[in-house]
Amino acid sequence: MANQQDSNKKPDSIDHYRRAFLKRLGITTAATVGATSAHGAWGGKTLGDTFADFFQQHYQRMTPEELQETLDRIERKAQRQYGTEISCIDTPPVEGVVFGYAINISKCKGYRDCVEACAEENNLGPDIRYIHVLEMDEGSMNLEQADRYYDHETVPVEGKYYMPVQCMQCDNPPCVKACPVDATWMEPDGIVVVDYDWCIGCRYCMAACPYSARFFNWSRPDLPADRINPNTNYLGNRPRPVGVVEKCHFCTQRTRKGRQPACQEACPTGARIFGNLLDPNSEIRYVLEHKAVFRLKEDLGTEPKFWYYSDR
Amino acid sequence: MALLLFFRDAFRELFRGSLLYWGWIVFLWAVIALGAWNYIGQLNNGLVVTNMSNQVSWGFYISNFTFLVGVAAAAVMLVIPAYIFNRKDIRDVVLLGDTMAVTAVFMAMLFVIVDIGRPDRIWHMIPMIGSFNFPVSLLAWDVVVLSGYLLLNLGISFYLLFSHYQGREAKLKAYLPFIMLAIFWAISIHTVTAFLYSANTGRPFWHNALLAPRFIASAFCSGPAIAILILQIVRKLAGYPVRQSAIDTLRVTMTVSLQITLFFVVAELFTDFYHEGTHSASAHYLFFGLHGAAKLTPWIWSALALLVVAVIILMVRQLRRRAVFFNIACVLTVIGVWIEKGMGLVIPGYIPTPLGEIFEYLPNSTEVMISLGIWAIGLLTFTLLAKAGMAIERGQVGLRDDIEEQLAGLTNEEESESVATPG
């Protein structure tokens, strides 16, 4: 990278064009490889890893040994790409658990702490946010009038209410149907996940999703080493490759170990209720049984496991 | 052995041509190189070099793809009169229709490949080796029908040409079942491509039962229009015998389809705008703009204007009888449908997003360059396939017992050989 920036400063030299030409063709010279250890053509990657990456199996078809090798390789890749040590594990779903979420829109004040906590927890690139908080006109549910990029001194603003949206973890997910290669599916605990190493990046799931909850890695996600959350999960917050789709996964790396998702923990108003839908004593069940709840675009038959309610 | 000679002779034919032919080939290679250069940049940096976004996640590439599937399907409009109505004049040129179909499907596939984020993982689609979500995913269906259509057309063309090359009459009984299959298959490729869009309940602009009929109707405008232009060029430049009656049949098909297409547009406009709701937001954006965003309105109104002018020319006898006006009508139809099936259909489906965000899109130079590269690959493919095919059809290239005679034949043909320049 450093090399490219230097040469950009003197764009008139023939050498610049020659180097740009070679670089584009991928014929990087030894010097370039040395200077750009993190992003070079091979970047210190062994031939074995390159082949193993290319032929990596679908998550659901890997043997436990293959999965372990893959996880090790992912850790090595992160070390090379970001210069930091991460742990990547596979946390299977817990039996008897199906996760659901409910948001109290009368409590949400639009602070967006959930948005940032999510980004940090899930190693999101600068262009991707799994949660958007919509600033809506009171008395209306018209999404077209919503402002998702509001930038006020203080929130909440008079006459507005706030509605966070993220992946609804549909029980009948159109995105899963759309995928031509089974790279996305619903896990037994109801979470719709993506195998980032199997996705071919066709983006048909993004066309299919009625909630704009899927995001594409248009470029290689670049994160500074000190911003990386090192506790990662294969079907969760591990660093993503370029050219694949990702989405909210209810923080599998936390929730499958009995913790709350990052957005729930970060919410300062207690507007977010997350829990096991199959547990009759859970808070989420209490909300569903005692509050007037609604779901977004329920008419589309998507069966979201994500509810809204209000105390007012 | 005959097979090897067939390919050798067909290949050799590609190196015989006038200066115009070579100029055309060199020009196409230059455009291809430009496209390839841009594509390498896209591979290195990711799709971030395009203007696509999380809001508008399909753009110019898939727009072109959609249009080209229609062109491929429309080859059936030569196949049906040739074989069902037994029209000799059209059977003479049906091979050019097959070549058009093969080329269009090939280009459509290339447009998908440049659009996907991980072309290195394309093998994940191969059944057994990868994991192919068939029959649930409509995209999987599209892969099946497009590959099948490509193989069918390649197979039929090969059989016809190879028989001709050997100086044998192709046995109609042997290949008619495949022709019948190809006719139904042609309709299926564009229907499945329409279903790809109309399957999405979250996008009201696409989620519409009229979409597939509209796709078929507009394809039967643009396809015959392209075929008419190609046939005239081939007749003029390569001296290939194309009878006017064949062109007239295509013209009638095109005129009726254009009328139906415009009627469908009116039907959609009525449904969307008589009593507007959120379902008509995308249509409103497309035709009139939405909340100040209106980048697509010039596109759709130009498309409709072009199609209306074309249909008027085609319906007024005094106008369509003049070759200039007739050809203008064909060109207008091709451009009009290209806009309507691409920028006028794919893009507005994304605007506003299902969550009501309005984020506009127009292709940038990288996308245009890569797309031009693919069009050049298509034109090159067509030129080469058509050149070899026509030479075999006319008996200029064929298997002969006497090698000397064959050699003598070659030198004579050089003078009459010319260029097959489509588009």
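**Entry 1: strand S2 of chain A and its neighbours**

I began with the pairing of strand S2 with strand S12 (residues 306–309) in chain A: the two run parallel and are joined by four bridges. I keep in mind that this is a predicted model.

Next I asked myself in which sense S2(A) pairs with strand S10 (residues 272–276) of chain A. That pairing is antiparallel, and I find five bridges in it. A handy landmark here is A:Ala102, whose bridge partner in S10(A) is A:Ile273.

Then I checked burial along S2(A), which covers residues 99–104. Six of the six residues are buried, so the strand is largely enclosed by the rest of the structure. I sorted the side chains by direction too: A:Phe99, A:Tyr101 and A:Ile103 point one way, while A:Gly100, A:Ala102 and A:Asn104 point the other way. Both sets are buried.

**Entry 2: chain A as a whole**

I stepped back to look at the whole chain. Chain A has 312 residues, and buried ones make up 40% of them. I note 11 helices and 12 strands in chain A. I also looked up contacts between residues at least 6 apart in the sequence of chain A; 65% of these join residues at least 24 apart.

**Entry 3: where chain A touches chain B**

How many residues of each chain are in contact with the other? I find 39 from chain A and 38 from chain B. On the chain A side, at least two residues each come from helix H2 (14–25), helix H7 (174–178), helix H8 (204–208) and strand S7 (214–216). H8(A) gives the largest share of that side, with four residues. I sorted the chain A side by class as well, and got 27 nonpolar, five polar and seven charged residues.

**Entry 4: a helix pair in chain B**

My last stop was helix H7 (residues 138–165) and helix H8 (residues 172–198) of chain B. For packed helices, I want the angle between the axes and the distance between them. Here the axes come within 9 Å and cross at roughly 150°. An angle over 145 degrees counts as roughly antiparallel, and H7(B) and H8(B) are therefore roughly antiparallel to each other. I also noted the hand: H7(B) passes H8(B) in a left-handed crossing. As for the residues in this contact, 20 are nonpolar, five are polar and one is charged.

Key. Residues are numbered from 1 along each chain as its sequence is written. Chains are lettered from A and ligands numbered from 1 in the order in which they are written. This is a predicted model: local features need pLDDT of at least 70, side-chain atom pairs count only at pLDDT 80 or more; totals for chains, interfaces and linings use all residues. Two residues are in contact if their C-beta atoms, placed from the backbone, lie within 7 Å. Ala, Val, Leu, Ile, Met, Phe, Trp, Tyr, Cys and Pro count as nonpolar, Asp, Glu, Lys and Arg as charged, and the others, Gly among them, as polar. A residue is buried if 20 or more other C-beta atoms lie within 10 Å of its own, exposed if 12 or fewer, and partly exposed in between; C-beta atoms are placed from the backbone. Two strands pair if DSSP finds at least two bridges between them. Axes are lines fitted to C-alpha atoms, for helices over the stretch in contact, and angles run from 0 to 180 degrees between N-to-C directions. Angles under 35 degrees count as roughly parallel, over 145 as roughly antiparallel, 65 to 115 as roughly perpendicular and the rest as oblique. A crossing is left-handed if the near helix is turned anticlockwise from the far one by less than a right angle, and right-handed if clockwise.
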